[in-house]
Amino acid sequence: MTTWCSWCLKETDDVLVPLHNQYYANDSKVVFLSIDIGDSTAQHLQAYAEQHNINFSILMRGRTSGVAEDYGVEGIPTTVIMLCKGTERTVYNTQVGYSPDNLNTFHEWIEEAMKLIPSGDLNHDSILTPADAAIALRIAASGGWDLDADVSGDGSVTSLDALMILQAAAGVINL
Ligand SMILES: [Ca+2]
């Protein structure tokens, strides 16, 4: 994006800010990041963010960082939906240009991408490891409940859920 591109502004106001607010309100794992390729100053971007109620991060100096080339950006706004598993980053889908339909399209893409993140990922790094099983055990010991931890789907979190997460982390079962 740039602060002078009117379609970027429409995308920000009509699509990204409402979408971010929706996921942010639900304490979601979805992270939003805008990248400025217009060489704006920090003060300019700060004013832009305040003016448009942007409460996610804007990365500066996107043009010189090479990030646009890395993701094959040929026009703005370009939106890239990425899936982050541990330290692995993959592009799930890319959209060039503004459309009022982008709000629904991006929502669908995010929901589809999130289905690829395994149930039981309690530390939100998108991969299952013994660390997730340990968190499930802690929840079980405290008598708490968490939708993502209840991998057996029986309405309670017990050592069985921790065991299943451990087995899934070892590749013995799929969750
Ligand atoms: Ca995890």
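Figure 1. Set aside the neighbours within four places in sequence, and Ala133 is in contact with Ala162, Ile165, Leu166 and Ala169 (contact means that the C-beta atoms, placed from the backbone, lie within 7 Å). This is a predicted model: local features need pLDDT of at least 70, side-chain atom pairs count only at pLDDT 80 or more, and totals for chains, interfaces and linings use all residues. Numbering starts from 1 along each chain as its sequence is written. The largest nonpolar core has 15 residues, and Ala133, Ala136, Ala149, Ile165 and Ala169 touch the most other members. Helices α6 (130–142) and α7 (159–169) each supply at least two residues of this core, and α7 gives the largest share, six residues. A nonpolar core here is a set of buried Ala, Val, Leu, Ile, Met, Phe, Trp, Tyr and Cys residues joined through C-beta atoms within 7 Å. Buried means 20 or more other C-beta atoms within 10 Å of the residue's own, exposed means 12 or fewer, and partly exposed is in between, with C-beta atoms placed from the backbone.

Figure 2. The protein has seven helices and four strands, in the order α-β-α-β-α-α-β-β-α-α-α along the sequence. Helices (H or I, at least four residues) and strands (E, at least two) are DSSP runs, numbered from the N terminus. Of the 175 residues, 23% are buried. Where the domains touch, four residues of domain 1 are in contact with four residues of domain 2. On the domain 1 side, that makes one nonpolar, one polar and two charged residues (Ala, Val, Leu, Ile, Met, Phe, Trp, Tyr, Cys and Pro count as nonpolar, Asp, Glu, Lys and Arg as charged, and the others, Gly among them, as polar).

**Figure 3. Helix α1 against helix α5.** Here α1 (residues 6–25) and α5 (residues 102–114) pack at an angle of about 30°, with axes 9 Å apart. The axes are lines fitted to C-alpha atoms, for helices over the stretch in contact, and angles run from 0 to 180 degrees between N-to-C directions. From α1, Glu11, Asp14, Val15, Pro18 and Leu19 meet Asn102, Leu103, Phe106 and His107 in α5. By class, this contact has five nonpolar, two polar and two charged residues.

Figure 4. Val30 is in the loop between α1 and β1 (33–35). Not counting residues up to four places away in sequence, Val30 touches Tyr23 and Ile110. Val30 counts as partly exposed because it has 15 C-beta neighbours inside 10 Å. The C-alpha atoms of Val30 and Leu83 are 9.5 Å apart, though 53 residues separate them along the chain.

Figure 5. Most residues other than glycine have a negative phi, and most peptide bonds are trans. The bond from Ile76 to Pro77, however, is cis, with omega near 0°; Pro77 lies in the loop between α4 (67–70) and β3 (78–85). Asn53, in the loop between α2 (42–51) and β2 (57–59), has a positive phi near 55°. Asn53 counts as exposed because it has 12 C-beta neighbours inside 10 Å. His124, in the loop between α5 and α6, has a positive phi of about 55° although it is not a glycine. With 11 C-beta neighbours inside 10 Å, His124 counts as exposed too.

How values were computed
Contact = placed C-beta atoms within 7 Å.
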